[in-house]
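Me: I'd like to learn how to read this model, feature by feature. Could we start with the rings?

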Amino acid sequence: MSASQYHVAVIGGGPGGYVAAIRCAQLGFKTVCIDKRATLGGSCLNVGCIPSKRLLHVSEHFTIPLDFTKVMAEKDKVVFDLVTLVANLFKKHGIDRVEGSASFSSPTDITVTKSDGSTAQIHADKIIIATGSEPIPLPFAPFDEKAIVSSTGALELTQIPKNFLVVGGGIIGVEIASVYQRLGSKVTIVEMLDHICPGVDPLLAKTLFQSLKKQGLEFHLEAKVKAIQKNSSQLTIEVEKENKTLKFEADAVLVCVGRRPYTKGLNLEKIGVTLDQKGLIQVDDAFQTTQKNIYAIGDVIAGPGLAHRASEEGVVLANHLAGKPGKINYLAIPSVIYTSPEVASVGLTDQFAKSNGIETISAQIPFLGNARARCVNATEGYVKIVGDKKSGRLIGMHIIGANASELIAVGALAIEAGLTIAQLANTPFAHPTLSEAIKEAAAHALGQAIHV
């Protein structure tokens with residue numbers, strides 16, 4: 001069988017892969033995208049970010065008893081519309097799509113095995129690996145996606161669990177826990193650390209923890225799940241805490257203890273692409289692997305597992321292949337927790353900056369004194385900013401409150417542009433808006449706040 005010839009082959013159709021493919025096509029490369037799913041968009045669009053945000057929205061804004069079947073159908077409709085949009089973009093840009101599992105037979109040749117067992121051969125001058133990541137199961141309790149579920153299975157449950165136990169108090173864990181708590185489940189979160197959402201500004205994480213507890217979520221920190229047993233329609237979970245064994249009954253258990261790079265079946269060892277101890281593909285600053293014509297982006301390389309980070313890398317890499325310069329300022333990539341209140345961060349925390357020898361100035365402003373927050377009854381939370389005292393530049397912004405996911409774009413833009421805290425404080429913001437709290441926090445850091 002002769003191989004189809006391409007300038008660029010992209011393995012993976014998620015936020016990194018499909019964006020890279022579109023940008024490559026825009027730049028004039030004959031491009032093919034290989035993905036084992038029947039629909040494009042990867043985990044984020046199909047079983048992750050998008051469906052979870054639809055459920056978060058519905059459960060937050062509708063307090064009346066909900067028809068769960070209808071809610072899930074509406075979630076599926078949102079996903080369908082978006083994967084259709086991506087498919088249409090591929091058609092618009094002339095990108096070929098091959099459904100199946102990819103395996104390297106040489107550094108420039110890929111064998112794609114389709115669901116019916118047939119194969120296709122792809123030859124490409126440049127190949128981009130963007131296969132993403134997968135949830136990590138507990139070693140003693142593999143996923144069945146019905147009772148013991150990953151984030152994927154949690155978004156496909158057919159009924160609302162009466163008792164829902166979540167293993168892991170990270171971002172995914174608290175988001176999905178929030179969904180089912182609002183829908184009526186009694187939710188318990190078990191976390192090994194003494195705090196939730198590791199990596200988030202400690203003050204924000206503590207504030208979110210207190211808020212979620214008030215909403216009715218039960219937490220067991222510094223606790224470890226030791227065993228999960230299936231008993232007919234129920235699960236019995238043994239948790240070790242303070243040298244004692246606690247037992248819980250649940251209808252479903254969500255395991256959110258992390259994700260790992262998905263490189264299964266790629267045959268990377270045959271072509272000499274090097275992985276690190278965590279299974280991540282090693283790349284240089286230009287995303288080039290140890291094979292000069294093979295590149296990797298997104299969750300399969302080191303860095304935060306964020307869809308928008310992968311997309312940015314896809315665009316920058318495509319431009320690089322076309323000889324166009326560019327780089328990513330990773331400090332300006334925001335992270336969001338879509339709970340209520342929302343939590344959003346960009347740049348450095350005060351603690352991290354100080355531990356790395358940066359003298360900082362910081363300040364925070366509560367939404368309690370914000371006029372728009374009062375008008376819309378959204379006074380919970382605050383804006384915190386962090387600056388480099390020497391240069392005066394903004395190096396971090398951390399927000400907990402309503403619409404934090406949208407407000408954080410101001411911080412990302414300011415860090416990308418290298419703005420100072422003074423420039424942020426002197427920028428006019430519309431009144432009344434929640435975003436005025438950003439201006440006021442900047443002014444407060446300079447000792448110039450008006451409403452404090």
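**Rings, sheets and a few single residues**

Reply: Happy to. The structure holds three aromatic pairs. In general, a pair of aromatic rings is described by the distance of the centres and the angle of the planes. The cut-offs: rings of Phe, Tyr and Trp (its six-membered ring) pair if their centres lie within 6.5 Å, and planes under 30 degrees apart are stacked, over 60 edge-to-face, the rest tilted. Bear in mind that this is a predicted model, where local features need pLDDT of at least 70 and side-chain atom pairs count only at pLDDT 80 or more, while totals for chains, interfaces and linings use all residues. Residues are numbered from 1 along each chain as its sequence is written, and side-chain values use heavy atoms, with hydrogens and water left out.

Me: How are the rings of F68 and Y180 placed, and why is the pair called tilted?

Reply: Their centres are 6.4 Å apart and the planes meet at 55°, so the pair is tilted. F68 belongs to helix α4 (residues 68–93) and Y180 to helix α6 (residues 171–183), so to speak two distant parts of the chain, 112 residues apart. Helices (H or I, at least four residues) and strands (E, at least two) are DSSP runs, numbered from the N terminus.

Me: Is F68 buried or exposed?

Reply: Buried means under 20% relative accessible area, exposed over 50%, and partly exposed in between (1.4 Å probe, protein chains only). F68 has 8%, so it is buried. Y180, at 0%, is buried as well.

Me: What about the rings of F164 and Y180?

Reply: That pair is tilted because its planes are at 55°, with the centres 4.9 Å apart. F164 sits in strand β9 (residues 163–167), and the pair connects distant parts of the chain, 16 residues apart. F164 and Y180 are both buried. Put together, ring pairs join F68, F164 and Y180 into a cluster.

Me: Where does the charged end of K30 sit?

Reply: Here the test is that NZ of Lys or CZ of Arg is within 6 Å of the ring centre and within 35 degrees of the ring normal. The charged end of K30 sits over the ring of Y6, 5.1 Å from the centre of that ring.

Me: On to sheets. What is the strand order in the open sheet of three strands?

Reply: Strands pair if DSSP finds at least two bridges between them. The order is β12-β13-β14, and the pairing is antiparallel. β12 (223–231) and β14 (244–250) are the edge strands, each pairing on one side only. From one strand to the next, the twist averages 20°; such angles run from 0 to 180 degrees between N-to-C directions, with axes as lines fitted to C-alpha atoms, for helices over the stretch in contact. Strand β13 (residues 234–241) runs antiparallel to β14, joined by seven bridges.

Me: Now single residues. What does the side chain of S52 reach?

Reply: For a polar contact, look for a pair of N or O atoms within 3.5 Å; within protein, one must be able to donate a hydrogen and the other to accept it, and residues adjacent in sequence count only if both atoms are side-chain atoms. The side chain of S52 reaches the backbone oxygen of C49 at 2.9 Å. S52 lies in helix α3 (residues 49–61) and is buried, at 7% relative accessibility. Not counting residues up to four places away in sequence, S52 touches L155, E175 and V179.

Me: How exposed is S43?

Reply: S43 is partly exposed, at 27%. It is part of helix α2 (residues 42–47), and its side chain makes a polar contact with the side chain of R37 (3.2 Å).

Technical notes:
Contact = heavy atoms within 4.5 Å.
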